[in-house]
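Please read it alongside the model.

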Amino acid sequence: MEKGKVDALLGIVFGDEGKGKVVDFFTPRYDVVARFAGGPNAGHTIIFGGKKFVLRSIPSGIFNDGALNVIGNGCVIAPDLFMQEAQELEAAGYTLTDRLHISRRAHLILPTHRLLDRAYEAAKGKDKVGTTGKGIGPTYSDKATRVGLRVGDILENFPEKYARLKARHEQILRDLGFTDYDIAGEEARWMQGVEYMKQFPLTDTEVEINRLLAEGKSVLAEGAQGSLLDIDHGTYPFVSSSSTTVGGVCTGLGVAPQRIGHVYGIFKAYSTRVGSGPFPVELFDETGDRLRDIGHEYGAVTGRNRRCGWIDLVALKYAIMINGVTDLVMMKSDVLDTFASIRVCTAYRKGGEVTDTMPYDTEGWEAVYEELPGWQTPLTALRDEADFPAPFRAYIDYLERELQTPIKIVSVSPDREATILR
Ligand code: IMP
């Protein structure tokens, strides 16, 4: 952490890297914690004070008294879900209103955006993306089409603006033959959410953040989703609709590139993916089931089974390059404790072609593996690197050598003390 800088904490594969576990290590060090992209498609599970919370839109700094929390202009926000999330935190004793600022430039997810999400998915048939159904894609589409509603819109002539956009959506839904819905109840709750939001400072957060940086304050940009779900750099079209990589920090918060300090890249000791799309390391066998069971790989937002496989160096190298990752954070190492040997995907093969760089179209590629010995001993009680079993140390050394980036933090159990700094 450096004064006057923005550090980024990014999941660098397909999301669900376990950011929630390390945020209580990271967030107390920063004056500001900011979300820069995405919306309620994210689900950071955080255990705080012995209670479990799933944060969707609200930054994790909300648990630290001192921190200012910001929902930046690059985010999309669903007022009803935001209200529910905020009220759960308030019921647990956290005060929010003076510590959570929302960008006036962030876009609003309407109930009809969620219908459009479902309608577009249904229309895609077997090519569906497997979205979270939260209306993310349609909201960012409206932003790009320049018809979207922003948070600042709720303060002036909102009913008319809302009615206009809703009518536009209803027309598209009719064109798609998607007419069997009733959103009256949902809409009423959404409008309550709009009113609820008005008690929060709805500000020009980019100006605030830059002022605080100029005063020497530190900012943590808290990522959501993962680098391979980035609209530009992910496995398009099986991606989310925002810039989840470090470039998204600059546009999604309004900070200049030279303000970026450390880029922490979080990954798991193995791979997972939710939703459709290419995933060359996916295991359909008993090993995949074992990784899922031991790692509890079920989605925080949708509850869906996550697809599982061995670690993928092709994907990691690409994400490290795109993000300029300075420090790696390896999560859930203990999930591999019982495996006699551990595989590492070092390249992809299609027909006679082998590549170790991310191909344009990752469909149809199969993983090429190297095999390393497993440690077959529980890591969970370890708190000191000196006690790591030799094969685990060798796994870390191997990854650092291949990825050319230091692994600065290793997590060996869900306990917060089991976050080992190196
Ligand atoms: P959307 O973001 O709801 O449009 O979903 C697009 C794709 O991103 C789908 O494959 C989702 O499963 C995936 N996705 C979106 N948010 C997350 C996340 O926070 N973690 C993991 N996958 C996500």
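Gly324 follows helix α10 and has a positive phi, near 60°. The model is predicted. Helix α10 itself spans residues 313-323. Its other end, the N-terminal one, is capped by Asp312.

**Helix α10**
- The helix is mostly covered, with eight of its 11 residues buried.
- The buried residues of α10 include Leu313, Val314, Ala315 and Leu316.
- Tyr318, Ala319, Ile320 and Asn323 of α10 are buried too.

**Ends of the helix**
- At the N-terminal end of α10, a side-chain oxygen of Asp312 lies 3.0 Å from the backbone nitrogen of Val314.
- Val314 is also one of the buried residues in α10.
- After α10 comes Gly324, with its positive phi.

**Ligand shell**
- There are 16 residues around the ligand.
- Asp16, Asn41, Thr132, Ser240 and Arg304 come nearest to the ligand.
- By class, the shell holds seven nonpolar, seven polar and two charged residues.

**Polar contacts and cover**
- Thr132 places a polar side-chain atom 2.6 Å from an oxygen atom of the ligand.
- Thr132 is also among the residues that come nearest to the ligand.
- A polar backbone atom of Gly130 is 3.4 Å from an oxygen atom of the ligand.
- For Val274, a polar backbone atom is 3.2 Å from an oxygen atom of the ligand.
- On its own, the ligand has 470 Å² of accessible area, and the protein covers 96% of that area.

Technical notes:
Residues are numbered from 1 along each chain as its sequence is written. This is a predicted model: local features need pLDDT of at least 70, side-chain atom pairs count only at pLDDT 80 or more; totals for chains, interfaces and linings use all residues. Side-chain values use heavy atoms; hydrogens and water are left out. Buried means under 20% relative accessible area, exposed over 50%, partly exposed in between (1.4 Å probe, protein chains only). Helices (H or I, at least four residues) and strands (E, at least two) are DSSP runs, numbered from the N terminus. A polar contact is a pair of N or O atoms within 3.5 Å; within protein, one must be able to donate a hydrogen and the other to accept it, and residues adjacent in sequence count only if both atoms are side-chain atoms. A residue is near a molecule or strand if one of its heavy atoms lies within 4 Å of it. Accessible areas come from the Shrake-Rupley method with a 1.4 Å probe; for residues, only the protein chains shown count as cover. Ala, Val, Leu, Ile, Met, Phe, Trp, Tyr, Cys and Pro count as nonpolar, Asp, Glu, Lys and Arg as charged, and the others, Gly among them, as polar.
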